Amino acid sequence: MYFICNMTKGDIQVLKFGGTSIGSAEAIRNTTEIISKSTQRTIIIFSAFSGVTNLLSDISSFLLIGNIQKANRALEALIARHTNIIQDLFLNVGYKKQATQILHRYLSILQEQINMALLVDYDPKQTLALGELISSEIISFYFKEQDLNVAIINALDYMRINENDEPDQGEIAQLLGNLLNDCTSQFIITQGYICRNRNGKIDNLKRGGSDYSAAIIGVATNATTIQIWTDIDGLHNNDPRFVDHTTPITSLSFEEAAELAYFGAKVLHPQSILPAKEANIPVHLKNTFQPSKPGTLIKKQNFTEGIRAIAAKDGITSIKIKSYRMLMSFGFLKNVFEVFDQHKTSIDVITTSEVGVSLTIDDTQNIEKIVDQLSAFGEVTVEDQLSIVCIVGYFPSDQSGLGAKIMTAIKDIPIRMISFGGSLHNVSLIVKSVHKIDALNQLHSQVFDKNLSLLSV
């Protein structure tokens, strides 16, 4: 259940800008121009400047192994990254000075973390939080230089996760509502990604979590829309990194977008769809560098039968458990699932037969323990370096011919697993990662480039 502040629909819109959208002084100016055109009260969520989270992650890694010299070198690169943006961005000497002072204040915190890392229990999450805090403060001064009516709200003052690392929606809505009620500015800047956990310590929503922040804030404020601004024109009908002639999809249902986000589409964080779907808030994916492009609008809508897009997810490992004790028995799957539950490892795709079960995971942190426990149930086989190729659309149960046409399109590619029927919006194929690009291209040529369109099934 998602809780909302005491606001009527139409009061607020939520805009999130990723690292590439604010990756240079020119990009920040461009982003500011987009924001300044709004006549509505607007919450703006900023990620860290592009490349900064990687530098902070490097510093954390060096500190965890006690390499202070390399940590300080990464800190020097971090200082240069921010200083260059500040020097290029500001014309007003006063705002440039204030932005520099803010940078030094946060970097002094980071320097203290480096100096103390060997003496105390080091928490990398405190280091990783600095990127968003610095970028949002610097941009807030630029907004003031542009005479925009702006205020900044610290995400650490309202964004909370519970003992399961999930957003505490009720507390977030209450805390954020109180902060917004005390704020009269049209533009409110805040940070994505960062939060506090149930113990009050600095934590985060994991990589890509700024999209999730936008969805949580959008629901908490009963926003009219959630806009995710990146460097491409929304979700494409295939992966443009590997397939030529892909095109953006102008409109998707929440269900279709959720499948694409989870199974490989990099534009959108998978968890950002569910809150918006349950609150029925449209999510609009837009290109910061080509704002006139339509992007992709994700909303509640009637389904159109056929295929909408293809995506792929790498880093997949399959686990197969074969046991004749499974034949005609009950409780076998329950015992298998409890192993994964115990190790907090989610399952992506699953298929079963009378004497075995095959499933895939993308988190192999506890795989040795998992395999050891599963071995008590039967013969276990593990295969890695796999990819999920996901075909997304609307496939009603009375539709015929879909499976045959998909298999014909990739007839030369070995298939490890097939999953269909768990959702009306997804057909998943498991292939060796070396075959992924061929699979994407062969499916694309049949679906979108030729008259033999799978949309006709």
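Predicted model: local features only at pLDDT ≥ 70, side-chain atom pairs only at ≥ 80, totals over all residues.
**A pocket and the chain around it**

Let me begin with the second largest pocket, which has a volume of about 170 Å³, a volume being the space filled by probe spheres set on grid points joined across faces, edges and corners. On a 1 Å grid over the protein atoms alone, a pocket is an open set of points where a 1.4 Å probe fits, with protein on both sides within 12 Å along at least five of seven lines, and lining residues have an atom within 4 Å of a point.

Residues are numbered from 1 along each chain as its sequence is written, and side-chain values use heavy atoms, with hydrogens and water left out.

The lining of this second largest pocket includes Phe263, Asp348, Phe420 and Asn426, and the elements that give two or more residues to that lining are strand E15 (417–420) and strand E16 (426–432); strands here are DSSP runs of E, at least two residues, and helices are runs of H or I, at least four, numbered from the N terminus.

Turning to the whole protein chain, we find 14 helices and 16 strands. Its C-alpha trace spans about 75 × 55 × 40 Å along the principal axes. Of the 457 residues, 52% count as buried, meaning under 20% relative accessible area with a 1.4 Å probe, protein chains only. Finally, among contacts (heavy atoms within 4.5 Å) between residues at least 6 apart in sequence, 77% join residues at least 24 apart.

Definitions and conventions: Buried < 20%, exposed > 50% of the residue type's maximum accessible area, 1.4 Å probe, protein only.
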